[in-house]
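Biologist: Please show me the structure, and I will then ask about its parts in turn.

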Amino acid sequence: MSQSIPPIPPEDVRSATEAEDAKLASAQRSYSQGQLVRRRFFAHKPAVVSMAALIFIILLSITSIGFSGQGTGWWSKSFLATGLTVDGGVPTMFRDGFLGEHPFGQDSIGRDYFAMVMRGTQQSLLVALGVALSSTVLGVLVGALAGYFRGWIEAVLMRITDVVIVVPLLALAAVFGAYAQGLPGGTLTLALFIGLATWTGTARLVRAEILSLREKEYVSAAIAMGAHPARIILKHMLPNSIGVIVVNATFAIAAAILLETTLSYLGFGVQAPETSLGALIQNNQNAFTTRPWLFWFPGLFIIAIALSVNFIGDGLRDAIDPRQKRTGSARPGWRTAFGLLGQATAEERSGKQVTELSGGPTQMQPPAGMTDHGPDLGYDPTDEKRDS
Amino acid sequence: MYSYVLKRLLSAVAVLFGASLLVFVLVINSGDPLQELRESNAENVEFLIQQRIAFMNLDEPWYSRYWIWLSGIAGCAVGACEFGTNMSGQDVGAMVANSASSTLRLVFLATILSIIIGILTGIITAIRQYSSLDYAVSFFVFLFFSLPVFWAAVLAKDWMGITYNNWLREPNFTWTQITVVAVVLAIMVPLIIGGSARRRLLTGAVMFGFVLVAMPLLDSLNYAREPRLGPAVITLLGVGLAFGLTALLSGLRNRRVLYSALTVVGLGLVSYYATFWLLIDPPGGWLTIAGLFVVTIAVAVLVGRAMGGHAKGQAVAVSVITAALFAVMVLLDHFMRAWPGFLGIKPRPIATIGSSSPNFSGDFWQVALDQGTQLVLPTTILMLVSVATYTRYTRSSMLEAVNQDYIRTARAKGVNERTVVFKHAFRNSMIPLTTIVAFDFAGLIGGAVVVEQVFGWSGMGDMFVTGLSSSDPAPVMAFTLITGAAAVLFNLIADLMYAVLDPRIRV
Amino acid sequence: MPEPVLSYKDIRVSFATEFGDVDAVKGVSFDVMPGEVVAVVGESGSGKSVTSSTAMGLLPENATVNGEVLLEGKSVLTMSTAELRRLRGSDISMVFQEPMTALNPVLRVSDQLVEALQVHDVAFGGEALEKSIALLERVGIPDARTKIKQYPHQFSGGQRQRIVIAMAIACGPKVIIADEPTTALDVTVQAEILDLLRELKDELNTGILLITHNMGVVADMADRVVVMLNGEVVETGPVATILGHPEHPYTRRLLAAMPLLREAGDPSLESERVVVTERGGVGDSSSSRTATGVPDGRSNGRAANGVAGTDSDAPPALEAKDVALEYKFRRKATRVVHDLNFTVQPGEIMGLVGESGSGKSTVAKAVLGLLDVAEGELRVRGSNMPALPAKEKKALKREIGVVFQDPAASLDPRFPIGDIITEPMVVHKEGDKNSRMARARELLDAVRLPSSVLNRYPHELSGGQRQRISIARALTLNPTLLIADEPTSALDVSVQAAVLDLFSELQQQYGFACLFVSHDLAVVDALAHKVLVMQKGRTVEQGTTDQVLRHAKESYTQQLLAAAPVPNPEVQARRRTERQRLLAALA
């Protein structure tokens with residue numbers, strides 16, 4: 001309203017707004033959120049390289065020996081068939097043509113190690129994906145319910161979460177793994193059960209996210225118009241926390257790869273005659289001095305997979321996480337990095353610069369957002385005593 | 001405060017109860033503890049089966065077995081814990097007594113070391129954000145996150161343990177080794193210290209020259225077999241520390257701080273001679289040393305308070321850190337004195353099996369060295385992931401803190417960058433990190449299970465793995481309870497630390 | 001002619017962003033003389049903060065600065081970081097917008113003040129502490145000797161801003177840059193802080209560079225004004241000229257857009273009926289608002305005019321009877337609203353006014369069903385909503401629309417605009433796809449946005465446009481009651497003016513009743529038929545707009561009214577004296 005001196009025609013008052021409206025009508029569509037995420041992700045070089053590497057490993061393991069593992073791919077040898085150990089089982093790759101007879105060598109009873117490593121890779125990836133999937137689904141469910149409903153539902157769910165958190169993750173996963181061994185379904189059952197031990201991180205993260213979304217005005221508006229809680233959670237809250245969930249799930253895959261291999265190494269994971277990368281290392285660790293390749297190949301595959309997934313997760317977080325805004329020409333070039341070009345000192349940085357909130361991938365329990373405080377066993381000092 | 005702690009402990013007991021029930025049910029259903037005996041061909045197999053049923057109360061339903069276990073544990077409230085017996089009738093309580101100390105020693109050492117190293121690295125990478133050092137550290141952080149612990153452990157056993165032991169027989173640096181070390185340091189040190197391009201080049205050159213002189217010198221002194229510091233070196237380093245810490249924490253212009261730190265160094269030298277003969281074979285072992293350490297810190301606090309004047313707080317901080325590091329150097333000196341004798345008893349020091357050498361006997365320092373050398377590899381391996389975690393979180397937490405409004409206010413006051421980082425940003429960035437400590441501790445316990453397996457320790461982890469693979473609940477439950485209690489404790493400490501660091505929270 | 005203490009010469013700043021370089025400041029020049037207050041005025045994106053920050057060297061890393069900044073004749077931009085650091089805090093210091101975050105939360109106030117003195121060798125140790133206590137006393141912190149040992153969170157927002165000011169004057173700077181120093185504060189606190197700055201300036205002969213968007217603050221403080229638009233200076237001159245006889249159309253537009261708190265006898269109160277008639281085209285002489293001065297809301301203005309289409313027997317749109325509201329935390333309830341009584345008739349706008357912590361937004365929350373009512377009745381169209389069974393409650397919610405404050409948060413970023421506007425229909429299962437879209441088009445037309453935005457996402461729209469979408473969504477189901485919680489306080493003045501205009505028009509068109517929550521008395525004056533003033537959860541005064549805003553009985557209302565600055569230096573000077581007299585009389 002503009003009842004003031006000097007009198008100006010109302011059209012003129014509105015012109016700033018009209019200029020915006022005109023811009024809106026004429027403007028090209030700007031970047032959608034999806035496009036922005038894609039653009040940022042592909043600008044993250046380590047993530048792109050990792051993506052390529054991971055796709056290569058997945059394709060290699062599937063096409064080489066096929067899903068049945070019985071020579072349905074382009075590699076005819078089976079991971080189960082024993083044979084005559086040739087030349088002490090030394091790898092033939094690059095020695096005997098490109099691949100040779102046994103590119104990764106043979107184990108002590110003459111099985112083709114390439115086929116075994118491929119089979120192990122398949123199984124490890126399968127378990128990791130299964131674990132990540134089941135833990136994410138469970139974690140999102142628990143986190144969303146606890147975050148939205150508060151009250152006794154939250155109290156019960158968070159107490160259950162505490163019970164699961166208080167047992168060291170590896171130990172609990174081992175117990176679940178040992179339990180799953182007696183059940184039918186093999187690798188997938190194992191994956192689902194390990195997921196029962198690893199969902200707590202996701203649950204706490206999603207709960208924190210939902211709690212912060214509850215304060216958003218569009219959620220208040222939806223509640224005020226009488227929308228059902230299911231609609232609010234499914235239509236408003238989860239779509240808006242999908243970025244956090246996806247990033248977390250990616251890191252969960254990397255953690256699950258390591259968890260599976262560790263469990264198999266301890267004997268609570270994939271059971272013989274089925275094999276996995278961890279089981280291969282466990283079987284061959286004593287051969288390190290005599291036949292090091294039996295040790296090296298599965299280990300390098302684990303590292304390659306876990307490292308790629310971690311870098312992809314890092315790239316995704318950079319691309320998705322709205323808290324992390326990289327302004328300016330994304331990263332400085334190598335000359336600046338080595339201090340050869342004038343690099344601005346930390347002093348000149350201030351204001352709205354790079355904000356990297358969460359750290360890297362975490363080993364097993366991703367803390368539920370840096371502000372969320374500890375696996376609070378009944379009480380959270382950050383809530384009550386903060387005086388402001 | 002007390003009611004808060006009490007409340008927390010009570011809810012922790014409830015949570016532990018739930019966890020124990022969960023683990024119990026899963027373990028007893030994970031397999032048949034009699035399987036192995038049923039397949040056995042032993043003559044007294046029937047007796048063995050009966051005996052095992054009796055040990056494990058297998059004739060009872062599961063809930064009364066759990067009840068038996070629970071009532072045993074309830075004894076802890078009055079100081080008489082009953083952990084039950086395992087499948088062969090051994091008292092689990094006694095097993096715990098044997099294994100807990102070595103496992104907890106490993107985990108605590110790894111926790112403390114990784115906190116120190118991780119936070120230091122994190123701060124440096126945050127200050128040097130987007131430098132090649134930052135990138136390199138980031139890469140290693142990701143690598144450590146992606147490294148299977150057991151695989152790295154096998155590798156370390158062979159490369160670090162065996163190679164070092166072999167080298168120690170005739171410890172000489174080749175020129176290639178010296179050059180490589182010199183080049184690496186000449187690149188790394190300037191990156192950490194920073195400054196203008198010219199200053200970096202100069203630092204690099206000095207570093208390169210220093211290594212080229214120092215390493216052959218150490219070689220000629222046969223330092224690897226007969227290391228020593230001696231009062232002169234300790235004092236020199238102490239004075240360096242006094243200057244360095246003053247410069248870092250309050251600025252050299254603050255003379256009172258500098259003088260109190262130098263006074264502490266002087267007193268340290270006096271006490272070096274005063275305690276020399278006492279420490280050659282300390283009566284009471286670690287207790288004496290801990291006592292002396294407490295006295296040292298107390299003296300440092302007094303010196304800081306007396307000499308600090310208006311900068312009391314900073315003077316105390318600098319004096320205490322100087323004193324603590326000085327004490328560590330004195331301790332190191334004594335360890336070095338014992339080293340040649342230790343090598344005589346144990347010619348291949350870095351062990352790859354067990355938590356202590358069997359049938360080892362020696363004086364106080366030699367026994368400590370034995371335990372220490374047994375710890376080197378497991379601790380290093382166990383620390384990798386934790387160091388990576390702390391580095392990453394400290395870095396992002398620092399960067400987060402540096403972008404806050406109050407940092408801008410501090411800069412607008414004209415405060416220099418050192419004060420901005422250490423006074424304003426550091427303490428704020430430590431607040432969220434306290435949360436990580438508790439999480440990381442739980443992770444380390446998991447890691448210890450694996451590391452013990454690789455290095456053949458008979459610790460808690462081994463107890464857990466053996467128990468679980470034979471569906472024997474008692475040892476698994478003991479493991480769950482003790483690690484769970486430790487995790488709860490760490491959580492509580494973390495929350496109290498949180499309250500200490502953040503004045504907005506009062507518990 | 002004295003030398004300027006601070007002078008900007010052809011400053012250009014650009015930021016490197018993800019989407020290329022953005023020029024934020026395009027050649028700006030002006031001076032600040034000793035003891036002079038220069039106000040830089042502009043809306044968001046005008047580059048006013050960026051320009052002034054160049055003098056401190058505190059711009060983000062991705063900024064490139066060209067031009068020259070002279071501080072007492074020394075060029076700041078060419079200095080080394082160490083030289084610049086020596087100037088900061090001693091020769092030039094800064095007061096920031098957000099007092100809640102400007103102080104380090106983990107350090108005592110004493111540490112932070114003493115540091116400011118020690119850094120520039122002004123004083124050390126005990127002497128510095130004594131000096132700090134004196135500074136705190138100077139800026140009006142009571143009981144400074146004990147309070148100085150406390151942490152920032154133990155002070156209120158206004159007190160924290162005082163501490164920041166104490167820090168800024170600690171070393172006797174030649175010039176202080178005050179970047180929106182009162183924007184985050186309540187209007188009464190704002191008046192006190194401005195008084196303090198004015199006194200300090202006179203005492204220390206310090207130049208002040210005041211960055212603000214509020215023309216009232218300008219009128220209250222400034223000697224000279226620099227008006228900025230899109231990184232350029234459009235007009236500069238003495239405050240009386242700029243505010244009284246602006247040359248540039250932008251300045252005139254800004255001034256015109258500023259909502260005015262009219263005093264009794266203001267000619268616009270009379271002329272208003274003409275304005276309304278012209279613009280709305282629906283009213284007649286009786287449709288003017290408070291000018292008729294009829295005390296009873298029911299026979300007032302539009303309601304009587306039949307625009308709302310109601311007769312006087314209809315139940316009130318909203319009625320509060322002895323309402324008490326509380327927040328529950330871990331089984332402990334804190335009561336924040338006590339004994340609230342009011343009635344909003346159909347077609348009537350009630351302004352709910354108060355400072356932060358008054359509980360005004362809590363009332364809005366309770367009406368929306370976001371908070372349980374602890375005591376009393378909250379009747380919507382005659383039925384006590386909180387007590388209704390779920391199904392009827394949901395049906396009643398159709399009758400309530402809502403517009404929130406934050407344009408960035410009030411629309412779901414994952415929903416296209418069309419879905420946002422039709423969401424109430426989906427929730428209440430009304431219409432099919434086609435009729436919903438038709439309704440959305442109709443509403444977009446009503447808020448004057450092209451129907452092409454139906455498929456756009458909120459982030460593609462400006463703040464003002466998003467608020468208009470919010471209004472459209474609130475009207476989707478033709479509600480009888482609209483809750484507006486500070487709907488324009490996050491917007492720039494000119495955008496705010498447009499949104500308020502639109503709001504007023506729509507109200508006449510649709511005839512909804514409205515509970516309009518605001519901290520801005522001028523906005524309420526422009527819109528509301530009656531006003532309720534709240535303080536600390538209790539009703540201070542209520543009545544027609546004219547009664548409350550021009551003939552206030554309660555001293556708190558009088559203080560509020562007196563503290564609101566008006567964009568006219570002479571009037572504001574008079575009001576300032578009046579206010580001081582009022583405060584003195586109360587004390």
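Biologist: What share of the 388 residues in chain A is buried?

Modeller: This is a predicted model, in which local features need pLDDT of at least 70, side-chain atom pairs count only at pLDDT 80 or more, and totals for chains, interfaces and linings use all residues. Residues are numbered from 1 along each chain as its sequence is written, while chains are lettered from A and ligands numbered from 1 in the order in which they are written. A residue is buried if 20 or more other C-beta atoms lie within 10 Å of its own, exposed if 12 or fewer, and partly exposed in between, with C-beta atoms placed from the backbone. In chain A the buried share is 52%.

Biologist: How many helices does chain A have?

Modeller: Helices (H or I, at least four residues) and strands (E, at least two) are DSSP runs, numbered from the N terminus. Chain A has 0 strands, and its number of helices is 15.

Biologist: In chain B, what percentage of contacts between residues at least 6 apart in sequence join residues at least 24 apart?

Modeller: Chain B has 18 helices and 0 strands, and 43% of its 507 residues count as buried. Two residues are in contact if their C-beta atoms, placed from the backbone, lie within 7 Å. In chain A, residues 24 or more positions apart account for 69% of the contacts with a separation of 6 or more. For chain B the value is 72%.

Biologist: Which helix supplies the largest share of the side of chain C that touches chain B?

Modeller: On this side, 28 residues of chain C are in contact with 21 residues of chain B. Elements that each supply at least two of the chain C residues include α2 (81–87), β6 (92–95) and α4 (109–119). The largest share, 3 residues, comes from α4(C).

Biologist: By class, how many charged residues does that side of chain C have?

Modeller: Ala, Val, Leu, Ile, Met, Phe, Trp, Tyr, Cys and Pro count as nonpolar, Asp, Glu, Lys and Arg as charged, and the others, Gly among them, as polar. The side of chain C that touches chain B has 14 nonpolar and 9 polar residues, and its charged residues number 5.

Biologist: How far apart are the C-alpha centres of domain 1 and domain 3 of chain C?

Modeller: Domain bounds come from an automatic or database domain assignment. Chain C is divided into domain 1 (35–59 + 77–257), domain 2 (268–399 + 479–550) and domain 3 (408–478). The distance between the centres of domain 1 and domain 3 of chain C is 41 Å.

Biologist: Is C:Val38 buried or exposed?

Modeller: C:Val38 is found in strand β3 (residues 37–41) of chain C. Residues that C:Val38 touches, beyond four places in sequence, include C:Phe30, C:Leu209 and C:Ala222. Because 25 other C-beta atoms lie within 10 Å of its own, C:Val38 is buried.

Biologist: Which residue of β8(C) is the bridge partner of C:Val38?

Modeller: Two strands pair if DSSP finds at least two bridges between them. Strands β3(C) and β8(C) run parallel and are joined by 5 bridges. All 6 of the 6 residues of β8 (residues 207–212) of chain C are buried, so this strand is largely enclosed by the rest of the structure. Within β8(C), C:Val38 has as its bridge partner C:Leu209.

Biologist: Which residue stands opposite C:Leu209 from the β7(C) side?

Modeller: Strand β7 (residues 175–179) of chain C runs parallel to β8(C), with 5 bridges between them. The residue opposite C:Leu209 is C:Ile177.

Biologist: In the open sheet of 6 strands in chain C, which strands stand at the edges?

Modeller: The order is β16-β17-β18-β13-β19-β20 (chain C), with mixed pairing. Each edge strand has a single partner, so one side of each is left without a neighbour in the sheet; these strands are β16 (400–403) and β20 (538–544) of chain C.
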